[in-house]
Amino acid sequence: MGVSVKTLQRWDREEILKAHRTPTDRRYYTYDQYLQFKGIQTENDVRDVVIYARVSTRNQKDDLHNQVEFLKQFCNAKGVIVNQCIEDFGSGLNYDRKKWNRLLEEVMENKIRTIVISNKDRFVRFGYDWFERFCEKFNTKIIVVNNETFSPSEELVQDIVSILDVFTYRLYGLRKYKKQIREDDDIVKELQNGN
């Protein structure tokens, strides 16, 4: 909450934020008290439930459609009413995805209650734990439907493969310009001059 222990003690005495007590007379607060103090309603929460699905390229539209249908079926089975369905294209390493950034803005505006994703890497490839804690600060929960757990060495291998995938796609992306570079005299002259 960003206040000192002395302030919390004073708030307890003045009943601004009343503390619970342990049998040994230590103060403690519940998460609901924190949310109530911050002005975040936990009862009758009418904020949105969002399905977020992502694939790396537009060539994977079928995979994106399957991902969305899977998440909708999951929500229906759990009795969760979905307000938004966000379908995104782009690398999980790219933090500049417009729809993803708009989702995070809505989290910060306290408009989102729950985000439903199929796998952690569909939300973001690296740093998922940080983003999960970030969302929790705004009382937004992320539900990972396929929550696979890996050993540290398996996670490292997954991360290395992800990085290799990104650079491989970039390398193959440059190949389509090879013919244009050969045919463009200005580019050829610049390359020969070392510019």
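This report walks through one predicted protein model, from the whole chain down to single residues.

## Ground rules

The model is predicted, so local features need pLDDT of at least 70 and side-chain atom pairs count only at pLDDT 80 or more, while totals for chains, interfaces and linings use all residues. Residues are numbered from 1 along each chain as its sequence is written, and side-chain values use heavy atoms, with hydrogens and water left out.

## The chain as a whole

The protein chain holds nine helices and six strands. These elements are DSSP runs, numbered from the N terminus: helices are H or I with at least four residues, strands are E with at least two. The chain has 195 residues, and 27% of them count as buried. Buried means under 20% relative accessible area, exposed means over 50%, and partly exposed lies in between (1.4 Å probe, protein chains only).

The chain exposes about 14,000 Å². Carbon and sulfur atoms supply 50% of that area. Accessible areas come from the Shrake-Rupley method with a 1.4 Å probe; for residues, only the protein chains shown count as cover. Contacts can also be sorted by sequence separation. Among contacts with a separation of 6 or more, 62% come from residues 24 or more positions apart. Contact means heavy atoms within 4.5 Å.

## Helix 4 against helix 6

Helix 4 covers residues 98-108 and helix 6 covers residues 128-137. Their axes come within 9 Å and cross at roughly 35°. Axes are lines fitted to C-alpha atoms, for helices over the stretch in contact, and angles run from 0 to 180 degrees between N-to-C directions. Helix 4 passes helix 6 in a left-handed crossing. Left-handed means that the near helix is turned anticlockwise from the far one by less than a right angle; clockwise would be right-handed.

Helix 4 brings W100, L104, V107 and M108 to the contact, and helix 6 brings F131, F134 and C135. By class, the residues of this contact are seven nonpolar, no polar and no charged. Nonpolar covers Ala, Val, Leu, Ile, Met, Phe, Trp, Tyr, Cys and Pro; charged covers Asp, Glu, Lys and Arg; the others, Gly among them, are polar.

E132 also sits in helix 6. E132 is partly exposed, at 26% relative accessibility. Its C-alpha atom is 9.8 Å from that of I143, which is 11 residues away along the chain.

## Aromatic rings

A pair of aromatic rings is described by the distance of the centres and the angle of the planes. Rings of Phe, Tyr and Trp (its six-membered ring) pair if their centres lie within 6.5 Å; planes under 30 degrees apart count as stacked, over 60 as edge-to-face and the rest as tilted. The count comes to 10 aromatic pairs. Y95 and W100 make a stacked pair, because their ring centres are 5.7 Å apart and their planes lie at 25°. Y95 is partly exposed at 39% relative accessible area, whereas W100 is buried at 1%.

W100 also pairs with F131, edge-to-face, at 5.1 Å centre to centre and 65° between the planes. This pair links distant parts of the chain: W100 is in helix 4 and F131 in helix 6, 31 residues apart. F131 is buried too, at 10% relative accessibility. Ring pairs join Y52, Y95, W100, F123, Y128, W130, F131, F134 and F138 into a cluster.

D12 belongs to helix 1 (residues 5-13). D12 is buried, with 3% relative accessibility. Neighbours within four places in sequence aside, D12 contacts L17, K18, A19, R21, R27 and Y29. D12 and R27 are 15 residues apart in sequence, with 9.0 Å from C-alpha to C-alpha.

Q67 lies in helix 3 (residues 61-78). Q67 is buried at 10% relative accessible area. Beyond its neighbours within four places in sequence, Q67 touches Y52, A53, R54, V55, S118 and R122.

## Positive phi in two loops

Most residues other than glycine have a negative phi. E15 has a positive phi of about 60°, although it is not a glycine. E15 lies in the loop between helix 1 and strand 1 (20-21), and is exposed at 59% relative accessible area.

D25 also has a positive phi, near 70°. The loop between strand 1 and strand 2 (27-28) holds D25. D25 is exposed, with a relative accessible area of 53%.
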